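I opened my notebook to look up a few spots in one chain. I wrote down each thing as I found it.

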Amino acid sequence: MSNYQPTTVPDGPTDGSVTPATVESVTQSLADAQISESSASAIKPADPSQAYEQLVTPWDVQGSISADGKQLAIDYDKLVDQFGTRRVDTTLLERLIPRCFLREFDKILDRYEQGKPFFLYTGRGPSSDSMHIGHMIPFLFTKWLQDVFDVPLVVQLTDDEKFLFKHELKAEQTQQFSRSNAKDIIAMGFDVNKTFIFSDFEYVGGPFYRNVVKISRQISYNQSKATFGFNDSDNIGKIHFCAVQAAPSFSNSFPHIFGEVSNIPCLIPCAIDQDPYFRLTRDVAQKLKYPKPSLIHSRFFPALQGPQTKMSASDANSSIFMTDTPNQIKNKINKHGFSGGRETEEEHRKYGGDTEVDVAYQYLSFFLDDDEELAKIGEDYRAGHLLTGQLKARCIQMLQEFVRVFQERRAKVTDEDVNMFMDASRKIDPNFGKRSQTS
Ligand code: TYM
């Protein structure tokens, strides 16, 4: 093991709490987060006769197009209805601030207070060597939850999924990406004693696989097709894969943490594109008499091209990667960053800019820790006092700093660290809350 120490990103305090920059901004983004509690209707695949409707699946996120041909931002109200989730209201948001958070997180918090264990589950589909900045959001939030609750965390790296869904990738490649993505995840500062990161290609077998098969027997071909929009020429691996992503929701998939115990529930932080998997999982859980997973969804970090879609690794120009240099970040924001500013400086000064669609402003709203500064930037931009170039410059500076700190920490993560986090033979203590209860 190297001298790697679990820490926080970026430049976090050493007392186990997350740095204000991370906590506050991620907590802030929860204003638009949803908690998924009920199973709802399936996502409809794109239908040419409804070409104006927004589409959100694990592979494709597109805002709708208005009657006058304008590309619109993602309508989260509509998603809340469609997916049957509910918004985190302001009161709940206030409660999400650490201490109150412990009281109010519905079933999970009730359990926590009763001293009953739960665990966190999240994941990553290793489609490339590097994660982009949008992927950081659910992981930063997961890190915060682990710090607050001191619970075990399992992180699934779905190298099998990426092989099945991306025909240009070889199985050996996606497995290799799992290891490099694991380094990205480790660099975020998860507690090695409480965290198990696994690649499906390496880990699936034994009790985990038994759950996969139990789950798959509960999901019909029609259900999988309707939920994900598959057609008859899709490979059978895709149809079945949902059982693999569902399995980590159940505690007995991890004997080295929970033994044979199957009644410990999990909380899954992710963005809402993963919801179709977990709507199915919640249905299946009931049938298998396992606890249903709870979910907390973060808002999408928008693509450089605008808030009508999410940042996606498959489009390099839509994304800021965690491997980007300061210059690349600067050029991407300046060249591709969708602006809510006006055509000319004169018009901008007269009518002001639109922060709702301005990507630089949206990025600042995720990561800027200083609420007052963000409010002032917003006011000045909308009033036309702050110009697009100035707003972009502030955004560039913030992103460069965030990525720089991350890269420094990533460089310190060694192969031995990865082996340690991915070691399925070590025992992980399923208990929790020692740190919070003694403080
Ligand atoms: P993947 O690799 O597409 O994404 C990893 C995590 O990042 C979230 N995400 C985003 N969040 C905010 N803004 C964005 N632009 C953005 N793009 C992606 C995803 O919702 C996800 O939480 N099938 C999964 C891997 C997986 C998983 C899980 C994810 C397996 N088990 C459990 C979450 C929870 C995938 O390909 O994720």
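**Entry 1: cysteines**

I looked for disulfides, meaning a pair of cysteine sulfur atoms within 2.5 Å, and the structure holds 0 of them. I noted that this is a predicted model, where local features need pLDDT of at least 70, side-chain atom pairs count only at pLDDT 80 or more, and totals for chains, interfaces and linings use all residues. Residues are numbered from 1 along each chain as its sequence is written, and side-chain values use heavy atoms, with hydrogens and water left out.

Buried means under 20% relative accessible area, exposed means over 50%, and partly exposed lies in between, with a 1.4 Å probe and protein chains only. Cys242 has 3% relative accessibility, so it counts as buried. Cys270 is buried too, because its relative accessible area is 6%.

**Entry 2: the whole chain**

I counted 21 helices and 11 strands in the chain. These are DSSP runs numbered from the N terminus: helices are H or I with at least four residues, strands are E with at least two. The chain has 439 residues, and 54% of them count as buried.

Next I looked at contacts, which means heavy atoms within 4.5 Å. Of the contacts with a separation of 6 or more, 77% join residues 24 or more positions apart.

**Entry 3: helix 12**

How many of the residues of helix 12 are buried? I found 9 of 11, so the helix is mostly covered. Among the buried ones are Gly237, Lys238, Ile239 and Val244.

I looked at the N-terminal end as well. Asn235 caps it, with a side-chain oxygen 3.1 Å from the backbone nitrogen of Gly237.

Which helix did I compare it with? Helix 12 (residues 236–246) packs with helix 14 (residues 275–288) at about 75°, and the axes are 9 Å apart. That makes the two helices roughly perpendicular. For angles, under 35 degrees is roughly parallel, over 145 roughly antiparallel, 65 to 115 roughly perpendicular, and the rest oblique. Axes are lines fitted to C-alpha atoms, for helices over the stretch in contact, and angles run from 0 to 180 degrees between N-to-C directions.

I listed who meets whom. Phe241, Cys242, Gln245 and Ala246 in helix 12 meet Tyr277, Phe278, Leu280 and Thr281 in helix 14.

**Entry 4: Pro207**

I found Pro207 in helix 10 (residues 206–216). Its relative accessibility is 28%, so Pro207 counts as partly exposed. Leaving out residues up to four places away in sequence, Pro207 touches Asn252 and Pro255. Pro207 and Glu260 are 53 residues apart in sequence, and their C-alpha atoms are 8.7 Å apart in space.

**Entry 5: Ser318**

Where does Ser318 sit? I placed Ser318 in the loop between strand 11 (306–310) and helix 15 (326–336). Is Ser318 buried or exposed? Ser318 is buried, because its relative accessibility is 4%.

**Entry 6: Asn327**

My last stop was Asn327, in helix 15. Asn327 is partly exposed, because its relative accessible area is 48%. Asn327 and Ile396 are 69 residues apart along the chain, and 9.5 Å separates their C-alpha atoms.

Notes. A polar contact is a pair of N or O atoms within 3.5 Å; within protein, one must be able to donate a hydrogen and the other to accept it, and residues adjacent in sequence count only if both atoms are side-chain atoms.
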